[in-house]
Structures are given as C-alpha cells and as structure tokens.
Amino acid sequence: MSATDQHNVLVIGATGATGTSVVDGLLDSKKYHVIAGVRPSSLSKPAVSKLRERGVEIRSVDVSADDVAQLGAAFQGVDILISTLVYSEIDSQIKVADAAKLAGVKRFVPDDWGTASVRGVRKLYDQKAKIQDHVKSIGLGYTFIDVGYWASLLMPVAPEQSEYPGFDIVPCNNHHIYGSGDVRTAVIVRSDIGKFVAEIISDERTVNRYVFCWGDEKSQNEMWEIARKVKAESGGALNLAPKAVIGKAEIEEKSKSPEFYTSVGYEYMNSMFIRGDNTVENAKKPEYGGALDARELYPHIKVLSLEEFAKQLYSK
C-alpha cells in the first residue's frame with residue numbers, strides 16, 4: 001500500500017497508556033497515516049515530540065474546550081477516529097461523535113477498552129454505553145472494542161514493582177482475593193492491544209460491530225499459582241501471599257462508596273470475580289453485545305499468555 005492509499009487514523013489520547021499501545025500497533029503495521037489529537041497545552045511536551053519524530057502528524061484537539069465545529073475542523077480528512085480518553089472526559093465524546101459525523105469520518109472507535117459487562121453493573125460501563133447509543137443514533141460508522149482487564153493490574157507485585165503505586169483497589173497492589181478466587185476473567189497484556197486495533201480498523205467484518213480482544217483467561221487462584229511457578233523456575237521464591245479474602249457482601253458495600261476510585265474499583269471486582277461477567281463466552285452473548293472474538297478473527301496475531309507476561313514481570 002502506498003502512502004497515498006493509507007487511511008488517515010486520528011488517535012485522541014495518543015500518549016496515554018492505551019493510546020500508546022494503539023499508536024505503536026498502527027505504526028508497526030505500516031498501513032496507516034497516524035495522527036495524534038493533542039490538547040494545545042501539551043503540544044510542546046516531550047512525549048508529543050517523540051511522536052513527531054516517529055512520523056506521527058500532530059493536530060491540536062481539545063475535547064473539553066472545543067465545540068463541535070472546531071472539532072469537526074480538526075477531524076477533516078480523517079477516515080478513522082479512535083478515542084482513548086481518560087475517564088473524566090468520556091462524556092465529551094458526544095460532541096466528538098457529532099464532530100466526526102460532521103467531518104465525514106467513516107469509522108469511530110469510542111473509549112471503551114474495558115471488560116465485558118451488561119448495563120446496571122458498573123457506572124463506567126453505563127456511561128460508555130450511553131456514548132455507544134448516541135453513536136448509533138446519529139448513523140456514524142463505528143467499532144466498539146473491549147480488551148478485558150490489564151494483566152499488569154492483576155499479577156501480584158511488591159510495591160516497588162507496581163506500575164500504579166498507591167492504587168490500592170487493584171489486586172496487583174493489595175494482594176486480595178475477591179470471592180472464591182476461582183472465577184476466571186479475560187486479561188490482556190497492554191502492548192497487545194494495538195496489534196489487534198491495527199487489524200480491526202481495516203476489517204470490513206468489524207464495521208458496526210463489537211469486538212472483544214483478549215490474551216488469556218485465568219482465575220485469581222491460577223494467577224497466584226503462575227506467579228509462584230515462574231518465580232520457582234527462575235530459582236527464586238514469590239515473597240508475597242494473598243492478604244485477605246474479600247467476600248461478596250463487602251464488595252457490594254464498598255461499591256456504594258462516595259469515593260470515586262473505591263466505588264468504581266469494587267464495581268469492577270464484583271463484575272469480574274463475583275458475577276463472572278468478563279469472559280470471552282459472555283462477551284459473545286447478545287445481552288453483552290454479541291462480540292466478535294478478535295483471536296478468532298486474527299489467529300496470526302501472537303499475544304502473550306499470562307505465564308509469558310509473568311516471566312517478563314518477575315525478571316525485572
């Protein structure tokens with residue numbers, strides 16, 4: 001494919017955790033002209049300069065401050081728009097979608113990137129579902145993409161190894177077992193997200209569909225066994241152990257907390273480890289959205305299993 005044939009793909013939130021994986025996947029595929037939508041205050045930041053050095057076009061996009069007309073102007077010439085915004089900007093995607101429609105964008109991938117669920121279980125899921133409803137209502141082409149839960153937030157690590165120190169709700173940090181510990185959940189290594197995205201957005205089979213990406217499915221008890229096994233094989237020992245078992249009643253009570261991170265975090269734990277929502281089998285069900293399985297669509301993509309990820313994690 002020549003440069004003139006490449007689809008123009010604009011990524012909002014390109015320097016964030018998910019956005020970085022998406023941009024890496026798009027660039028590695030060499031199939032797209034990649035554009036990063038960056039707020040004006042961040043245009044001179046080192047991370048943005050690095051994107052420029054890699055050949056990424058930079059456009060000024062402020063989803064909080066810009067109106068539909070301004071966003072529409074920024075989206076001119078864009079074929080595919082991908083949103084990887086932070087949770088606090090999710091609602092701004094109403095005008096982002098309207099602007100994409102105005103600009104003639106062919107496909108919009110809104111900010112989902114989460115676990116399989118149904119409405120009424122998690123606030124963030126319900127918030128994102130409203131965006132999906134709006135996208136459908138205006139006739140904008142779309143693909144909705146979920147990716148399960150990040151492996152790095154699940155595998156137990158010491159505080160000095162944590163990507164998110166101080167974020168106590170996630171199992172990697174608090175070493176809690178939620179429920180029985182035997183409920184499986186779909187996980188992904190974050191660097192694999194972009195590999196899937198690069199395939200999904202050029203695939204006509206995924207137009208106006210929901211796609212579920214994943215790398216492995218394991219229970220928390222299996223995760224601890226993997227951690228112990230990998231450490232033992234490297235000649236060491238896992239100097240960590242589960243601290244507490246958090247039961248269904250406590251999880252449901254903490255889900256009602258007025259503190260945002262506590263409430264949202266425990267809603268995730270309830271959905272994944274009590275209800276068992278986040279599985280590939282569930283994602284495919286009509287009530288969960290009728291997902292296409294990304295690994296079935298793209299069997300050539302090599303993704304990391306949880307054990308392979310653990311070998312990388314515990315070698316650091």
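Here is a short chat about this predicted model.

Visitor: What should I know about how the model is handled?
Guide: It's a predicted model, where local features need pLDDT of at least 70, side-chain atom pairs count only at pLDDT 80 or more, and totals for chains, interfaces and linings use all residues. Residues are numbered from 1 along each chain as its sequence is written, and side-chain values use heavy atoms, with hydrogens and water left out.

Visitor: Okay, how many salt bridges are there?
Guide: The count comes to 22 salt bridges, each being a side-chain nitrogen of Lys or Arg within 4 Å of a carboxyl oxygen of Asp or Glu.

Visitor: Which residue meets Asp 62 in a salt bridge?
Guide: Arg 39 does, at 3.4 Å from N to O. That pair links distant parts of the chain, 23 residues apart.

Visitor: Is Asp 62 buried or exposed?
Guide: Asp 62 is buried, because its relative accessible area is 13%; buried means under 20%, exposed over 50%, and partly exposed in between, using a 1.4 Å probe and protein chains only. Arg 39 counts as partly exposed at 29%.

Visitor: Which residues are linked in a network of salt bridges?
Guide: Arg 39, Asp 62 and Glu 89 are.

Visitor: New topic: what about Lys 284?
Guide: The side chain of Lys 284 meets that of Glu 296 in a salt bridge, 3.0 Å from N to O. Those two sit 12 residues apart and link distant parts of the chain. Lys 284 is partly exposed at 33% relative accessibility, whereas Glu 296 is exposed at 55%.

How values were computed
Helix = DSSP H or I, 4+ residues; strand = E, 2+ residues; numbered from the N terminus.
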